[in-house]
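Biologist: I would like to learn how to read the charged side-chain contacts in a model such as this one. Could you take me through the general idea and then through the case at hand?

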Amino acid sequence: MKSLIKQVGGDHYKKMVIQPAEFINKNKLLFAEGNAIKYIVRAKNKGGKEDLLKAKHYIDMIIERDYE
């Protein structure tokens, strides 16, 4: 995808072998699942603990949506 060459606001995704957007789109994941993955993989290079807490928040949404 040509759109993956350009990243607005940093380069933390471009450093990855497979960008989260590419993985999410190719696997046709839902919004919450995609965001959880995005925050997990970028945490080390961008948001740290805050990104992991965001990922946890989306995982909690998935659990509530699908299992409660």
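Modeller: A salt bridge is counted here when a side-chain nitrogen of Lys or Arg lies within 4 Å of a carboxyl oxygen of Asp or Glu. Please keep in mind that this is a predicted model.

Biologist: How many salt bridges does this rule give?

Modeller: The count comes to 5 salt bridges. One of them joins the side chains of Arg65 and Glu33, with an N to O distance of 2.5 Å. Arg65 belongs to helix α3 (residues 49-67) and Glu33 to helix α2 (residues 31-42), so the pair ties together parts that are 32 residues apart in sequence.

Biologist: Where in the helices does the salt bridge of Lys26 and Glu22 lie?

Modeller: Lys26 and Glu22, whose side chains meet at 3.1 Å from N to O, both lie in helix α1 (residues 20-26), where being 4 residues apart separates them by about one helical turn. Lys26 is exposed, with 60% relative accessibility, while Glu22 is partly exposed at 22%.

Methods. Residues are numbered from 1 along each chain as its sequence is written. This is a predicted model: local features need pLDDT of at least 70, side-chain atom pairs count only at pLDDT 80 or more; totals for chains, interfaces and linings use all residues. Side-chain values use heavy atoms; hydrogens and water are left out. Helices (H or I, at least four residues) and strands (E, at least two) are DSSP runs, numbered from the N terminus. Buried means under 20% relative accessible area, exposed over 50%, partly exposed in between (1.4 Å probe, protein chains only).
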